Amino acid sequence: MTESRAQGGGGGPTVQRMLVGAKLRRLRTDIGLTREEAAEAIRASEWKIHRLENGQVGFKQRDIVDLLRRYRVTDPAEIDELLAMAREANNPGWWQRYTDVLPQWFRAYVDLESAATLIRTYEGQFVPGLLQTDDYMRAVIRGAHLDDSAEEVGRRVRLRMARQTLLTQEHPPRLWAVVDEAALRRPVGGREVMRGQVERLLEAAKLPNVTLQVLGFDSGAHPGMVGSFSVLRFPDQELPDVVYLEHLTSASYLNKPDEVDQYLHVMESICVRAAPPERTAELLDKILDQL
Amino acid sequence: MSEEINTNVAHPARVYDYWLGGKDNFPADRALAELMIQAIPNMRAMAAANRAFLSRAVRYLAADAGVRQFLDVGTGIPTSPNVHEVAQAVAPGARVVYVDNDPIVLAHARALLTSQDAGETAFIMADLRQPKSILDHPALTQTLDLRQPVGLLLVAVLMYFRDGDTPNPFEMVATLLEPLAPGSYLAITHPTPDFNAEETARAVAAAEQAGVTLVPRPRAEVERFFSGLDLVEPGVTPVLSWRPDEPPADPSVAYYWAGVARKP
């Protein structure tokens, strides 16, 4: 799908690095240089160019200047623009004030999420973070961090709430979520909390930029059983989709085409199997009745 | 409900998505898309020209012809602006039924092509080879009032059928038009060998090699789809020349015929 959401604003350093990296890659391939040849211009290894182009490391201004010269970019405006983007890529994201409760591995995700135009997510165990109620969040966070103080739990909840404003801001991304029936029936935080959560989902599904599908038990075995994941899409054509996989103490970000293709295939398969969005309200009502 | 999907073979909707700069495509789709770009270097721009025609035709039908209902067959992967967005910008109550035979396209359409407020959108998984299954589908009968005019959109889809198919593509179009009220419209774009036979033949070879039927048709054959209808000005023209927002520098660079006609 092509998207028309305006660029700029959100994103934070991770996405800015990816953007600068993607531009550097295009400039290099435009003149037919190998990564090895480019590396000579900045007295570095082929691996360094690889990491720069994938947005995995920060940029030194001098490296950018040298690379652009090697790539025969002479337009001062173009050079200035890229240097400015590279500087921005070294600035902290909006989540900086939550770093005490925001593990390093999750920061990049918050950046990516706030730059995405389309967030597709499959959740087998939880209600997706962007759609959780305050109480459900507390129950999940308490469940996952048994030794947190009440103060820490409060900050984690506020961070998630801050993430949720994404969906109601001007030019919001589209969230296309598939939630497994198991995640909707498990009474996280008790019956009352869960009823409140399902009611919240009924409301969220009415938002014009939220699509919610329920993957019912009647689907039997399905490719998503390997685990929850998200696919993030960005407005810039040169940025590949990023697959996000969360683990207990870390997360993986996949953006190699063959890996993204496989997860996108699984996501398509899940979306095709799940009940269509126009049935979501009916299914949630039924679950609510039985809670 | 649980249609199996196959991304190992190229699918025309995803090949189109690639040309339009979308990211909902897979290696087999990209491979064919690239081969066809080798055959026709202007392929991406041609795909964009088709989307632009779709917008202009729907805007014309909604604004100038007063059409409030649309049947879009061969919807493809959603690409902004979509038919209901264009129609509802003119007439907020406009209703659109999207039809495609690909489960992935349908999942995307259902997720992303939802209407605001007064208007309505519905989705049908069906094949143009069974036009009756489209017409009789409950989603169509619940969404469209066939006593009122309908804009039937067949944009870049008829080339996937051969003259020897049963029914043949001319019969498919006739069957779809048959129950539509007088004052309904038909909009078509169709690739053609007329502008560059050599490049077009190479594109056909690439498509057939990948198992995708592709039948470009000369102008007279494209006009045949409009039999019994009254073509609106400027008639069947190169896709870039049909009521353009800006006159095209060279209309012959996009190898598609386009036309819109009214059912008397």
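Which helix of chain B is largely enclosed by the rest of the structure, and how many of its residues are buried? I began my notebook with that one.

**Entry 1: ground rules**

I am working on a predicted model, where local features need pLDDT of at least 70 and side-chain atom pairs count only at pLDDT 80 or more, while totals for chains, interfaces and linings use all residues. I number residues from 1 along each chain as its sequence is written, letter chains from A and number ligands from 1 in the order in which they are written, and take side-chain values over heavy atoms, with hydrogens and water left out.

**Entry 2: the enclosed helix**

I found my answer in helix H5 (residues 103-112) of chain B: 9 of its 10 residues are buried, so H5(B) is largely enclosed by the rest of the structure. I use "buried" for under 20% relative accessible area, "exposed" for over 50% and "partly exposed" for in between, with a 1.4 Å probe and protein chains only. Helices here are DSSP runs of H or I with at least four residues, strands are E runs of at least two, and both are numbered from the N terminus. Among the buried residues of H5(B) I noted Pro103(B), Ile104(B), His108(B) and Leu112(B).

**Entry 3: chain B as a whole**

I listed 10 helices and 8 strands for chain B. Its radius of gyration is 17 Å, close to the 18 Å that the globule rule gives for 264 residues, so chain B is as compact as a globular protein of that length. For the record, that radius is taken over C-alpha atoms, and the rule is 2.2 Å times the number of residues to the power 0.38. Along the principal axes, the C-alpha atoms of chain B fill a box of roughly 45 × 45 × 35 Å.

Of the 264 residues of chain B, 58% count as buried. I also checked contacts, meaning heavy atoms within 4.5 Å. In chain B, 73% of the contacts with a separation of 6 or more come from residues 24 or more positions apart. The chain exposes about 10,300 Å², of which carbon and sulfur atoms supply 51%; areas come from the Shrake-Rupley method with a 1.4 Å probe, and for residues only the protein chains shown count as cover.

**Entry 4: chain A for reference**

I wrote down 12 helices and 6 strands for chain A. Of its 291 residues, 53% count as buried. Chain A exposes about 13,500 Å², and carbon and sulfur atoms supply 51% of that area. Among its contacts between residues at least 6 apart in sequence, 73% join residues at least 24 apart.

**Entry 5: salt bridges**

How many salt bridges does the structure hold over all chains? I get 29, counting a side-chain nitrogen of Lys or Arg within 4 Å of a carboxyl oxygen of Asp or Glu.

I looked up Glu53(A) and Arg28(A), whose side chains meet in a salt bridge at 2.6 Å, N to O. This pair links distant parts of the chain, with Glu53(A) in helix H3 (residues 46-53) and Arg28(A) in helix H1 (residues 12-30) of chain A, 25 residues apart. Glu53(A) counts as buried at 3% relative accessibility, and Arg28(A) counts as buried at 7%.

Next I took Arg162(B) and Glu208(B), which meet at 3.0 Å, N to O. Arg162(B) lies in the loop between strand S4 (151-155) and helix H8 (169-177) and Glu208(B) in helix H9 (residues 197-209) of chain B, so the pair ties together parts that are 46 residues apart in sequence. Both ends are partly exposed: Arg162(B) has a relative accessible area of 36%, and Glu208(B) comes to 32%.

I also saw a network of salt bridges linking Arg43(A), Arg62(A), Asp66(A) and Arg69(A).

**Entry 6: two spots in chain B**

Is Leu144(B) buried or exposed? I find Leu144(B) buried, at 5% relative accessibility, in the loop between helix H7 (138-143) and S4 of chain B. Not counting residues up to four places away in sequence, Leu144(B) touches several residues, including Phe70(B), Arg95(B) and Val150(B). Its C-alpha atom is separated by 26 Å from that of Asn168(B), 24 residues apart along the chain.

Ser55(B) counts as buried at 12% relative accessibility, and it touches Pro81(B) and Val86(B), not counting residues up to four places away in sequence.
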